[in-house]
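My notes follow in the order I made them.

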Amino acid sequence: MPRVLLPLLLLMCLTSAAAAQRTINRRLPLAPDGAVRITNFAGIVRLHGWDRDSIAVTGEVGRGSKGFFMGGDRTAVKLGVDIPNDDPTGVDASTVEVWVPTGSRVRVKSTRGSIVVDGVTGALDLGSTAGDVRVTGVPRELTVETMDGDVELDGALVWLRARTAGGDITIRGGAEDLVSASVSGTVRVTTGPV
């Protein structure tokens, strides 16, 4: 009897490990100025602007997460990684890579993760509790908030609101309308007008 149980237990362990990490590969149509909401409490979100009328998402859901969700229509899409009780401490990091039309309006929320954005010219609202935020490009509006992470912005911005409690804020390229604050970090504008 023990010889039968051992292979069965090994098969169960391999199956649960494979099910714990799931690959993401989804697409939906999206208008050029569509609204997108992204949630990944633990891990990284990489957001890219492209010249297509669709949204594409790839990546991997970390162990302990309940899964990936995505839905909506051409005007608005909501997506993210679902974790038990919205508690990121009991899950492995997930990676979510998203391509949106360049003029999209995007909101990203994270707790224990970083946010990296390039090529989006629409409005961005980015928030992370403990992760860094990096934006490259020229979004027409940018709001960034993080508690302990650093904020790094590269590109001439029109409208910028950046806040952090313990991190540094670095702005390269300036901004026409800028409000920026850090409780214990530094705020630097290295090039461009303010």
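Entry 1, tryptophan 99. I checked its accessibility before anything else. The model is a predicted one. Tryptophan 99 comes out at 25% relative accessibility, so I list the residue as partly exposed. Buried would need under 20%.

I then searched the whole structure for aromatic pairs and got 1. Its members are tryptophan 50 and tryptophan 99. The ring centres lie 6.4 Å apart. The planes meet at 40 degrees, so I put the pair down as tilted. Stacked would need planes under 30 degrees apart, edge-to-face over 60.

Where do the two tryptophans sit in the chain? Tryptophan 50 belongs to strand β3, residues 42-50. Tryptophan 99 belongs to strand β7, residues 94-101. The pair links distant parts of the chain, 49 residues apart. I looked up tryptophan 50 as well: its relative accessible area is 17%, so the residue is buried.

I turned to charged side chains. How many salt bridges does the structure hold? I noted 9. One of them joins glutamate 97 and arginine 46, with N to O at 3.5 Å. Glutamate 97 is in strand β7 and arginine 46 in strand β3, so this contact ties together parts 51 residues apart in sequence. The tryptophan pair also has one member in β3 and one in β7.

Is glutamate 97 buried or exposed? Its relative accessible area is 17%, which means buried. Arginine 46 has 31% relative accessibility and counts as partly exposed.

Glutamate 152 lies in strand β13, residues 151-154. Arginine 172 lies in strand β15, residues 169-172. The parts tied together are therefore 20 residues apart in sequence.

Both residues went into my accessibility column. Glutamate 152 is partly exposed at 28%. Arginine 172 is partly exposed at 31%. I then asked which residues are linked with them in a network of salt bridges. The network holds Arg134, Glu152, Asp154 and Arg172.

Arginine 161 is in strand β14, residues 157-164. Aspartate 177 is in strand β16, residues 175-182. I wrote down a separation of 16 residues. Arginine 161 counts as buried at 15% relative accessibility. Aspartate 177 counts as partly exposed at 32%.

β14 and β16 sent me to the strand order. I found an open sheet of 8 strands with mixed pairing. The order reads β5-β6-β2-β8-β10-β12-β14-β16. Which strands stand at the edges? They are β5, residues 67-72, and β16. Each has a single partner strand, so one side of each is left without a neighbour in the sheet. The twist averages 5 degrees from one strand to the next.

Strand β6, residues 76-82, pairs with β5 in the antiparallel sense over 6 bridges. I looked up one bridge by residue. Glycine 67 has aspartate 82 in β6 as its bridge partner.

Technical notes:
Residues numbered from 1 in each chain as written. Predicted model: local features only at pLDDT ≥ 70, side-chain atom pairs only at ≥ 80, totals over all residues. Heavy atoms only, no water. Phe/Tyr/Trp six-rings, centres within 6.5 Å; stacked < 30°, edge-to-face > 60°. Helix = DSSP H or I, 4+ residues; strand = E, 2+ residues; numbered from the N terminus. Buried < 20%, exposed > 50% of the residue type's maximum accessible area, 1.4 Å probe, protein only. Salt bridge = Lys/Arg side-chain N within 4 Å of Asp/Glu carboxyl O. Pairing = 2+ DSSP bridges. Axes fitted to C-alpha atoms, helices over the stretch in contact; angles between N-to-C directions.
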